[in-house]
Amino acid sequence: MMDGRGKSDGPIVPTKSSNNATAVAAERMEGRGSTKGNAVEQNVLRTQSRAGTTSALERVRKAAIRNRKMKFTALFHHVSVDLLRLSFFALRRKASAGVDGVTWEQYREGLEHRLVDLHGRLHRGAYRASPARRVFIPKANGQERPLGIATLEDKIVQGAVVRVLNEVYEVDFLGFSYGFRPGRGQHDALDALSVGILRRKVNWVLDADIRGFFDTIDHGWLRRFLEHRIADGRIVRLILKWLRAGVLHEGAKTVGKMGTPQGATVSPVLANIYLHYVFDLWVEQWRRKHARGEVIVVRYADDIVLGFEREADARRFRSELEQRLRGFGLELHPDKTRLLRFGRFAARDAAVRGEGAPATFSFLGFAYICAKTKRGRFLLVRWTEKTRLRATLRDLRKRLLQQRHLPIPVQGAWLRRVVQGYFNYYAVPTNVRRLGVFRTQLIRAWLHALRRRSQRHRMTWKRMAALAARWLPGPRILHPWPEIRFDAKTRGRSPVR
């Protein structure tokens, strides 16, 4: 978790990551059904290819473990037809198409021929990366986040290359790095941060935000970082092709020397490689050589939280971090980066100074709050962040109005999935009140939408309560306390130091 010296420093458990849906049997072709024999044959083929590919990539990992300074000169041959096939079936079936308009279902027709052709173009140098299609999605703060949607073939090749890179870099990445890594997820990072605050001497928290990180990654520095481990020029050139392909928005193509498109399959691992050399290795050395007190670190992609025992360490670190990032084309966001008193003594210190309640900070959708139990002991409370809660409800109100004329059972089944998915993430201990607020406000929004079906509605609060009881799950805690899950997953291999 917080001690980057051991590679098993954080909980390593199966969880979701971008585009990592497990390969499943091929669905029926559009317009006709597949025969049982074809389905069996395809499943056997994919099972065999998965076994062979896994064995080959495992040898790469073992080589990386044996020699932590080894440069890999021959990796491109691992991008085989079998690996491309696995990458294809790992993609989301209903994901948006890129600039070529090709969907997953369309590409699946004649899949083997397409993959063989793609493999041939890759290995004879005829493959060309396409620009990503630029789209914008709303953020919780009302702004928009730009995403780049790659073509399906680019997604397939990127997925295959990511699998190869993971075998090398998962050996190198430090334990406090959690974002977009195999076997790690957001709740692992949330647990690690909570356990660090509860068990270590944390009196100050630095909530660091890198301004426009994915848009400001320097391609020159990224290439140099890649070449620390990857000496196979074909892999490096392939990555640079994707970075230089640019983005297409409203018919205009933009190509820059900085940034990697958010939403691209390869972007998360490239971001982790960049921050591994810019931040992780540096902060691990800094707290070992310069810190006078304890320091904890948790990083999820570009979301970074550090805990300090001493104020002097925290202030010095922030200043030196700004200088460090500046040297690699990055900077801390001045409005979103905060240093605040936090921890078991924060409330006592605030009372001594005549101040109000201790400040809070947010991480991965949760607000972290200093509180007390009924017996007066320190309690770390995590609530759904208000901006996230409001943004989710705002989106659901719009969708409910759009779907208000659908049959009520159809709306109810959809809302049940929405609420269950929301609880699956946010139903942590101490957050049950916010879960109730979410459910109550959703019921109000549903009632409003149903009453808009006609001017002579008959939807009363009594009928609405019956519908809610039938279709919407009640608020309840689904996650264990962070200390329990952290200890269970690490099994003593990752002490909080």
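Reader: Over how many bridges do strand S10 and S11 pair, and in which sense?

Author: This is a predicted model, where local features need pLDDT of at least 70 and side-chain atom pairs count only at pLDDT 80 or more, while totals for chains, interfaces and linings use all residues. Residues are numbered from 1 along each chain as its sequence is written, and side-chain values use heavy atoms, leaving out hydrogens and water. Strands (E, at least two residues) and helices (H or I, at least four) are DSSP runs numbered from the N terminus, and two strands pair if DSSP finds at least two bridges between them. Strand S10, residues 366-372, pairs with S11 in the antiparallel sense, over 7 bridges.

Reader: Which residue in S11 does Ala-371 stand opposite?

Author: The open sheet of 3 strands is antiparallel, in the order S9-S10-S11. Strands S9 (361-363) and S11 (378-384) each have a single partner strand, so one side of each lacks a neighbour in the sheet. In S11, the residue opposite Ala-371 is Leu-379.

Reader: Is Phe-76 buried or exposed?

Author: Phe-76 lies in the loop between helix H1 (36-66) and helix H2 (81-89). Buried means under 20% relative accessible area, exposed over 50%, and partly exposed in between, using a 1.4 Å probe and protein chains only. Because its relative accessibility is 3%, Phe-76 counts as buried.

Reader: What separation do the C-alpha atoms of Phe-76 and Ile-235 have?

Author: Contact means heavy atoms within 4.5 Å. Leaving aside neighbours within four places in sequence, Phe-76 is in contact with several residues, among them Leu-122, Asp-232 and Ile-235. Phe-76 and Ile-235 are 159 residues apart along the chain, and their C-alpha atoms are separated by 6.0 Å.
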